[in-house]
Amino acid sequence: MNTHQLLILLVIGYIVYSIDKKQNFFPVPIVLVVLGIGLSFIPFFSSVTISKELIFMVFLPALLFTSAYRFPIKNLRKNKWVIGSLGTGGLLLTVAVLGITIFLIGNVFISLSLTASLLVASILAPTDPVSVVSILKNSSSDERIADIVEGESLMNDGTSIVLFTVFLEMYLHHTSFAIGSFVTEFLFVALGGVALGAIFGWLMSKLVHFTHHREYQVMLSIIVAYGSFYIGEGIGVSGVLSTVTAGLMLSYEFGKNIKEAHFRSALNGFWDIVEPSVLAILFLMIGVQSAGYLQFSEWGLALLIFIASVLARYVVLLATLKGIPKWRRSFSVKDATLIAWTGIKGTMSVALLMGLEAENNGSSMLISLTFAAIMLSLVIQSVGVYPLTKKLSK
């Protein structure tokens with residue numbers, strides 16, 4: 001991608017965001033993706049491609065750090081057990097239920113192994129609350145749902161990557177699943193990422209006092225966002241969880257002292273510009289990239305996989321929230337329905353899918369099916385959030 005293409009993508013993003021002045025129920029990601037698909041038919045954009053490395057090494061650290069840093073610690077404390085349960089054990093169960101369902105449904109249409117089905121499920125498991133959170137907060141009086149959706153997405157990104165890595169290894173090398181090695185690897189990767197991120201976040205909260213220049217404080221936050229990610233990936237732990245934890249730790253440290261509010265103000269001024277710019281470019285590129293994969297014959301199966309992903313999430317959510325007495329009283333069936341529906345697939349799912357493509361051993365049909373399911377989730381669920389919220393709040 002050259003500088004001229006990048007500038008045009010930013011201009012398009014600016015126009016779309018400018019239309020969405022009230023940020024009420026306008027599904028920005030959908031518009032950007034659809035425009036990206038349209039751009040794919042213009043020869044000038046034929047060289048625009050998106051890869052796993054580009055998403056992971058350039059886009060994700062900034063998006064993850066921004067989301068985590070801006071997520072209020074008080075909301076995390078208030079809903080920590082629900083968020084933690086849904087982002088770890090809940091996601092594991094969702095992948096298992098969805099993987100088995102995809103295996104049973106898929107083999108009616110094409111030949112699909114259980115490992116491949118679980119791999120697809122791990123790609124579709126992470127959620128992306130971009131634009132959904134603002135829609136939820138504007139359409140519902142219960143901000144707790146939006147907080148849970150946003151907090152869960154921070155947690156389940158790291159969990160889904162570990163699952164994806166394990167299932168991809170099994171898929172490529174035809175190895176069997178070993179629960180012992182899986183648990184060991186999962187704990188090392190997850191806990192190692194959290195520990196590294198906590199160190200980075202704490203260090204920045206102290207180092208930021210060494211200068212009064214806002215420019216250098218922002219520079220330090222960039223180092224923390226990308227440094228925690230790169231070092232985490234380099235030593236074999238979760239870079240995603242490292243960056244998320246660094247952002248949460250920094251938010252926690254800044255929140256302890258009212259005198260440090262000016263640090264948050266300086267960082268917000270920078271990252272509030274970076275986030276929409278990165279998202280605009282990313283979703284437009286996803287649209288351009290998806291066009292080539294969406295021309296295939298099994299759209300019926302892709303639709304069934306999408307429906308299965310929503311239902312699997314709903315069943316696990318309902319079982320989790322209604323299975324524990326304390327949560328049973330706090331969450332209604334309507335709440336579970338709304339949380340399930342807002343589990344939209346997005347950036348992380350595309351990143352994992354590009355990881356499968358990069359191996360060059362992934363079935364083109366498998367990639368097309370998963371890409372189509374992601375696109376259906378983006379379009380159908382994003383459009384449905386506002387009317388569903390209004391209907392359930394009656």
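Q: Which helix does Val 379 lie in?
A: Val 379 is part of helix 18. Bear in mind that this is a predicted model.

Q: Okay, and which nonpolar surface patch residues sit with it?
A: The patch is made of Val 108, Phe 109, Leu 303, Leu 304, Ile 307, Leu 311, Val 379, Ile 380 and Val 383. Together they have about 740 Å² of accessible area.

Q: Which elements give two or more residues to that patch?
A: Those are helix 6 (89-109), helix 14 (299-323) and helix 18 (364-392).

Q: And where does the largest share come from?
A: Helix 14 provides the largest share of the nonpolar patch, with four residues.

Q: Switching to charge: which residues form the positive surface patch?
A: Arg 77, Lys 80, Lys 326, Arg 328 and Arg 329 make up that positive patch.

Q: Which helix gives the most to the positive patch?
A: Helix 15, residues 325-330, gives the most, with three residues.

Q: Where is Lys 80, then?
A: Lys 80 is in helix 5, which covers residues 80-87. Its relative accessible area is 45%, so Lys 80 counts as partly exposed.

Q: Now the salt bridges. How many does a search of the whole structure find?
A: The search of the whole structure finds five salt bridges.

Q: Let's take Asp 272. Which side chain does it meet in a salt bridge?
A: Asp 272 pairs with Arg 70, at 2.5 Å from N to O. The pair links distant parts of the chain, with Asp 272 in helix 13 (residues 261-290) and Arg 70 in helix 3 (residues 52-70), 202 residues apart.

Q: How accessible are those two, in relative terms?
A: Asp 272 has 37% relative accessibility, so it counts as partly exposed. Arg 70 is partly exposed as well, with a relative accessible area of 34%.

Q: What about Glu 275: what does it form a salt bridge with?
A: Glu 275 forms a salt bridge with Arg 70, and their closest N and O atoms are 2.3 Å apart. This pair also links distant parts of the chain, from Arg 70 in helix 3 to Glu 275 in helix 13, 205 residues apart.

Q: Buried or exposed, that Glu 275?
A: Glu 275 counts as buried, because its relative accessibility is 16% and the cut-off for buried is under 20%.

Q: Which residue does Asp 335 pair with in a salt bridge?
A: Asp 335 pairs with Arg 144, the closest N and O atoms being 3.3 Å apart. Asp 335 lies in helix 16 and Arg 144 in helix 9 (residues 143-173), so this pair ties together parts that are 191 residues apart in sequence.

Q: And how do the accessibilities look for that pair?
A: Asp 335 counts as buried at 14% relative accessibility, whereas Arg 144 is partly exposed, with a relative accessible area of 23%.

Q: One more topic: why is helix 17 called largely enclosed by the rest of the structure?
A: Helix 17 is largely enclosed because 10 of its 12 residues are buried. Among the buried ones are Thr 347, Met 348, Val 350, Leu 353 and Gly 355.

Q: How far does helix 17 reach from its first C-alpha to its last?
A: Helix 17, residues 347-358, reaches 16 Å, close to the 16 Å expected at 1.5 Å a residue.

Terms used: Residues are numbered from 1 along each chain as its sequence is written. This is a predicted model: local features need pLDDT of at least 70, side-chain atom pairs count only at pLDDT 80 or more; totals for chains, interfaces and linings use all residues. Side-chain values use heavy atoms; hydrogens and water are left out. Patches are made of residues with over 30% relative accessible area and no salt bridge: like charges are joined within 9 Å, nonpolar side chains (Val, Leu, Ile, Met, Phe, Trp, Tyr) within 5 Å. Accessible areas come from the Shrake-Rupley method with a 1.4 Å probe; for residues, only the protein chains shown count as cover. A salt bridge is a side-chain nitrogen of Lys or Arg within 4 Å of a carboxyl oxygen of Asp or Glu. The expected span of a helix is 1.5 Å times one less than its number of residues. Buried means under 20% relative accessible area, exposed over 50%, partly exposed in between (1.4 Å probe, protein chains only). Lys and Arg count as positive and Asp and Glu as negative; His and the chain ends are not counted. The place of a charge is taken as NZ of Lys, CZ of Arg, CG of Asp or CD of Glu.
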